[in-house]
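Please brief me on the fold shown below. Keep it short and plain.

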Amino acid sequence: MSLREVIARNLSDIQLRMANAARRVGREPSAVRLVAVTKYAQLEWVRELVNLGQKDLGESRPQQLAERSREFGPNVRWHLIGHLQRNKVEIILPRATLIHSVDSWRLLDALQKEAVKLQARARALIEINVSGEASKDGFQIDELRKNSRKLLEYSHIEIAGLMTMAPQSDDPDDARPVFRALHDFRNELTTLTDGGLNIPHLSMGMSGDFEVAIEEGSTLVRIGSSLFAGCEEAEIVRP
C-alpha cells in the first residue's frame, strides 16, 4: 500500500469515528475539528496529509513549528499544542493560528507584550490541569475561579477556549470525568466574567480518547499516532 493510501485510510477512519461520536450526543460533526499532530511525522507524511485536505496541524516544539511553517507556506493553520516558554513567544506568535497551551499568568503577560509590539492579536487557549497531576502543566480551576476577571485585562489576546489533558489510561472512559469537568468549567467561566469571555473552544482528546472527548463537548481533538499508523512500512510513490 502506498503512503498516500495508508494516510488516506487512517484519516478517513478518524473522520468517521469523530462524526459518529458527535452524532451519538446530538452534535453536528462539523462542530469538531481535527488537529493533526505532526511532531513525530516525517515531512513526506505531512505533505501527503496536507495534500489530502488536512489543513490544521499541531506541533509541540516551537522551533519545529517555525521550520515547518516555512516549509508549507500559508495554506496550513499551525497550532502550538506543547509547552511554550516565554523566550519562544517571539517565534510562535506570528506563525501560530492558535496556542493551545497557555499555562501561566507570566506566559499571558509575555504574549500580551509581544502582541502589543507586533500590533497583532494572539489567539490562545488556557490550559487547565483538571486532573491535578503534578506532572501536568496548567492552571488550577480554583485559581482561575478567584482571578477570572483578570483574563479580561489582556487587550491583545483572544482567549478562545480551554485545553486539558486527561490522565493516561487503557480505558478511554476513564477520561470522561476530566473532559466533563472542563466543559462545565468553561460554562462557569463565562458566567464568572459576565459573558466578557467568548470561549467557544475546548481542546481535549487525543488518539486514545478522542471519541469520549467529543461526547463531552470537545471542539478540537489532537490526534497524531493514529493518523500515521503504518507509514513506516508504506511505499512512497513519487510522481
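Where does D194 lie? D194 sits in the loop between α7 (176–192) and β7 (201–203).

This is a predicted model, in which local features need pLDDT of at least 70, side-chain atom pairs count only at pLDDT 80 or more, and totals for chains, interfaces and linings use all residues. Residues are numbered from 1 along each chain as its sequence is written, and side-chain values use heavy atoms, with hydrogens and water left out.

**The whole chain**

- The chain has eight helices and eight strands. Helices (H or I, at least four residues) and strands (E, at least two) are DSSP runs, numbered from the N terminus.
- The C-alpha trace spans about 55 × 40 × 30 Å along its principal axes.
- The radius of gyration of the chain is 18 Å, which agrees with the value near 18 Å for a compact globule of 239 residues. This radius is taken over C-alpha atoms, and the globule rule is 2.2 Å times the number of residues to the power 0.38.
- Of the 239 residues, 50% are buried. Buried means under 20% relative accessible area, exposed means over 50%, and partly exposed lies in between (1.4 Å probe, protein chains only).
- Take the contacts in the chain with a separation of 6 or more: residues 24 or more positions apart account for 61% of them. Contact means heavy atoms within 4.5 Å.

**Helix α2 and α1**

- The axes of helix α1 (residues 3–24) and α2 come within 10 Å and cross at roughly 60 degrees. That makes α1 oblique to α2.
- Axes are lines fitted to C-alpha atoms, for helices over the stretch in contact, and angles run from 0 to 180 degrees between N-to-C directions.
- Angles under 35 degrees count as roughly parallel, over 145 as roughly antiparallel, 65 to 115 as roughly perpendicular and the rest as oblique.
- The crossing of α1 and α2 is right-handed. A crossing is right-handed if the near helix is turned clockwise from the far one by less than a right angle, and left-handed if anticlockwise.
- On the α1 side, L3, R4, I7 and L11 take part; they meet E44, W45, E48, L49 and N51 in α2.
- This contact of α1 with α2 has five nonpolar, one polar and three charged residues. Ala, Val, Leu, Ile, Met, Phe, Trp, Tyr, Cys and Pro count as nonpolar, Asp, Glu, Lys and Arg as charged, and the others, Gly among them, as polar.

**Helix α2 and α3**

- Helix α2 (residues 43–51) packs against helix α3 (residues 62–72) at about 55 degrees, and their axes are 12 Å apart. The two helices are therefore oblique to each other.
- This crossing of α2 and α3 is right-handed.
- L43, V46, R47 and V50 in α2 meet R68, E71 and F72 in α3. By class, that contact has four nonpolar, no polar and three charged residues.

**What is buried in α2, and what follows it**

- The buried residues of α2 are W45, V46, E48, L49 and V50.
- Their cover includes α1, β1 (33–37), β2 (56–59) and α3.
- After α2 comes G53, with a positive phi near 105 degrees.

- Q64 lies in helix α3. Q64 counts as buried, because its relative accessibility is 17%.
- Leaving aside neighbours within four places in sequence, Q64 is in contact with T38, K39 and E59.
- G217 is in the loop between α8 (210–215) and β8 (220–223). At 10% relative accessibility, G217 is buried too.
- Leaving aside neighbours within four places in sequence, G217 touches R27, H183, L202 and M204.
- G217 and D184 are 33 residues apart in sequence, and 9.6 Å apart in space, C-alpha to C-alpha.

**Exposed residues and positive phi**

- Most residues other than glycine have a negative phi.
- D194 has a positive phi, near 55 degrees. D194 is exposed, with a relative accessible area of 65%.
- Q119 has a positive phi as well, near 50 degrees. Q119 is in the loop between α5 (105–118) and β5 (122–127), and is exposed at 74% relative accessible area.
- T191, in helix α7, is exposed at 59% relative accessible area.
- T191 and K39 are 152 residues apart in sequence and 36 Å apart in space, C-alpha to C-alpha.
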